[in-house]
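Dear colleague,

I am passing on to you a predicted model, which you will find just below. After it come my notes on what was found in it.

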Amino acid sequence: MPFTFSKVNAVIRAVRLSRQRDAEAARMAALEESNSLLQTQARELEHQTNEARELAHELALTNEELRAVISEAKKAWAVADAANRSKAEFLAVMSHELRTPLNSIGGYVDLLEMELRGPLTDAQKSDLGRIKRSQEHLLGIINDILNFTRLEATELKFDIIDVPLRALIGDLDAVVSSLARAKSLKYRCDYPASSVYAHTDPDKLRQIMINLLSNAVKFTPEGGRVRVSCGVKDRLISIRVEDNGPGIPADKQEAVFEPFVQLNRGLTRTTDGTGLGLAISRGLARGMGGDVLLKSDVGRGSVFTLRVPVGKPRKAAG
């Protein structure tokens, strides 16, 4: 068959048509694949939207429940706060009412001991001494309760000034020495330098130190030792009261600062008190910007550390 241009053109057209059909088919396949992918994504988006709606609904319910719980908690807190204030007011009134007759008892004992009503026998003097000690013991307990209620109600006032620590600790020496001698304890006090001043309420600091020292003497067996030492670091004064008594287990060391807690309660206990001394001491210390800390080893003794801010020495007049 002879070769002609018309046949060549026909072949070219046929090839072009075939390629166009192939391209059209490829485009259709791609469009179908894209459409299928879009449909899948649309279904996933719808599913996620439904989940988001459910989550939003659950969150709304949770928020409503949370608001209800907060409301109930506020009501419970208000009731507890009112009850706590009522308790504090009751204890304060009762403490005041009990102190008045106890002070009268102490006054009448003093009058009898002065023998203004006539001479006393030795037995009567001994009985009056017991009455006096019992009166002082009860008065101390009532004062502890009153101080604790004031701390809880944040009604206690602090008179913070800069005081020389050496003189303040020295004032306690006579009291502690006599208590230590009565139990045959060795008492040692390492006085701070005269230039060391504490930024504190001197009466409250004195009360804390008496609590810590009387506890050390009370719980240290006869023949033991009690030591007071001082140090200054990072703008804080640390006053350490150390004894070699029975010590306190690690799991009970925070409990001793809770009110009305005594670790040796029971029929065989030999110590007196309400268990408020350490709670009051820590409350007073924190009210003055300090703290009371404890480190103790069973069988080796305890160290109570009172921390108070450093004060500024007074400038000499002149």
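If neighbours within four places in sequence are set aside, M209 is in contact with L172, V228, I239, V241 and L306.

The sheet is an open one of 5 strands with mixed pairing, and its order reads β2-β4-β5-β7-β6. Because β2 (186–189) and β6 (291–297) each have a single partner strand, they stand at the edges, and one side of each is left without a neighbour in the sheet. From one strand to the next, the twist averages 15°. Strand β6 runs antiparallel to β7 (residues 301–309), and 7 bridges join the two; K295, for its part, has V303 in β7 as its bridge partner.

Helix α3 (residues 165–182) lies across β2, β4 (225–233) and β5 (236–243), and runs at about 175° to β2, while helix α5 (residues 277–287) lies across β6 and β7, running at about 135° to β6.

Finally, there is a lysine to look at, K132, which lies in helix α2 (residues 122–152). Its relative accessible area is 19%, and K132 therefore counts as buried, the cut-off being under 20%. Not counting residues up to four places away in sequence, K132 touches G106, V109 and D110.

How values were computed. Residues numbered from 1 in each chain as written. Predicted model: local features only at pLDDT ≥ 70, side-chain atom pairs only at ≥ 80, totals over all residues. Heavy atoms only, no water. Contact = heavy atoms within 4.5 Å. Helix = DSSP H or I, 4+ residues; strand = E, 2+ residues; numbered from the N terminus. Buried < 20%, exposed > 50% of the residue type's maximum accessible area, 1.4 Å probe, protein only. Pairing = 2+ DSSP bridges. Axes fitted to C-alpha atoms, helices over the stretch in contact; angles between N-to-C directions.
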